Amino acid sequence: MTETNDQIQTGAVPAASDVPAAAEGQQEQRRGGGAGGRGDAKGDRRGGGGGRGRDNRRGQERDSEWQERVVQIRRVSKTVKGGKKMSFRAIVVVGNERGQVGVGVGKAGDVIGAVRKGVADGKKHLVKVPLTRTSSIPTLSNGRDGAASVLIRPAAPGTGVIAGGSIRTVLELAGIKNVLAKRLGSKTPLNNARAAMQALEGLRTHKETAKERGISLEQIYS
């Protein structure tokens, strides 16, 4: 529509000397103002959208650094007044492989909903794990949950993760690459995962231990 209205026959166009300077200035202001207004509006819109886009990108980066692994999915039932209500329970381990890991449990009527709830629950119960330069743990540690007992001890570089079941999943997502672990009790995946979490939560660096005891760091190694 704008191009159609701006089209004028060549014979009707006046000479440059016939157009007053004030009229030229008004025309330039109108043209510049219209373009500037449209440009500002577009800039504002783009700027607003860019802000939301940056926030979305930051949220995606935060979510992308977390890894999720499903340890177990079981179909469970609950007896209600009308009979039995079937649902699913998912055990999920969440970690960033940089010293943070968590174990969560979710229950829902479908598998996807149960896993989503398990991920949210795992992020609420994160544990900070002190890692050494060789991606191992500083000291030996024991963890217990219910009838499950777990022993975790440091290992030399190149050993790898010597563990099995849900304990291996917890150690890998915590970022530990050289460790020895042994299950000493129940085989239940949830109890073993929580026992491993308890063992990792009880870890302390040599510097923290020396500070708690009120001695120097050299006395710890001597």
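**Note on the predicted model: sheet, helices and salt bridges**

1. In this predicted model, four strands form an open sheet in the order β5-β6-β8-β7, and the pairing within this sheet is mixed. Strands β5 (141-145) and β7 (161-162) stand at the edges with a single partner strand each, so one side of each is left without a neighbour in the sheet.

2. Within the sheet, strand β6 (residues 148-154) and strand β8 (residues 179-183) run antiparallel and are joined by 5 bridges.

3. Helix α4 (residues 165-173) lies across β6, β7 and β8, and its direction runs at about 150 degrees to β8. Helix α5 (residues 189-201) also packs on the sheet, where it touches β5, β6 and β8, and its direction makes about 140 degrees with that of β5.

4. The structure holds 4 salt bridges, and one of them links R69 to E172, with the closest N and O atoms 2.6 Å apart. Because R69 lies in strand β1 (residues 67-80) and E172 in helix α4, the pair ties together parts that are 103 residues apart in sequence. Both partners count as partly exposed, R69 at 32% relative accessibility and E172 with a relative accessible area of 22%.

5. E172 forms a salt bridge with R168 as well, the closest N and O atoms in this case being 3.0 Å apart. These two residues both lie in helix α4 and are 4 residues apart, which is about one turn of the helix. R168 is partly exposed, at 32% relative accessibility.

6. A further salt bridge joins R204 to E212, with 3.8 Å between the closest N and O atoms; a pair counts here when the nitrogen is within 4 Å of the carboxyl oxygen. R204 is partly exposed at 35% relative accessibility, whereas E212 counts as exposed at 59%. Through shared partners, salt bridges join R69, R168 and E172 into one network.

Terms used. Residues are numbered from 1 along each chain as its sequence is written. This is a predicted model: local features need pLDDT of at least 70, side-chain atom pairs count only at pLDDT 80 or more; totals for chains, interfaces and linings use all residues. Side-chain values use heavy atoms; hydrogens and water are left out. Two strands pair if DSSP finds at least two bridges between them. Contact means heavy atoms within 4.5 Å. Axes are lines fitted to C-alpha atoms, for helices over the stretch in contact, and angles run from 0 to 180 degrees between N-to-C directions. A salt bridge is a side-chain nitrogen of Lys or Arg within 4 Å of a carboxyl oxygen of Asp or Glu. Buried means under 20% relative accessible area, exposed over 50%, partly exposed in between (1.4 Å probe, protein chains only).
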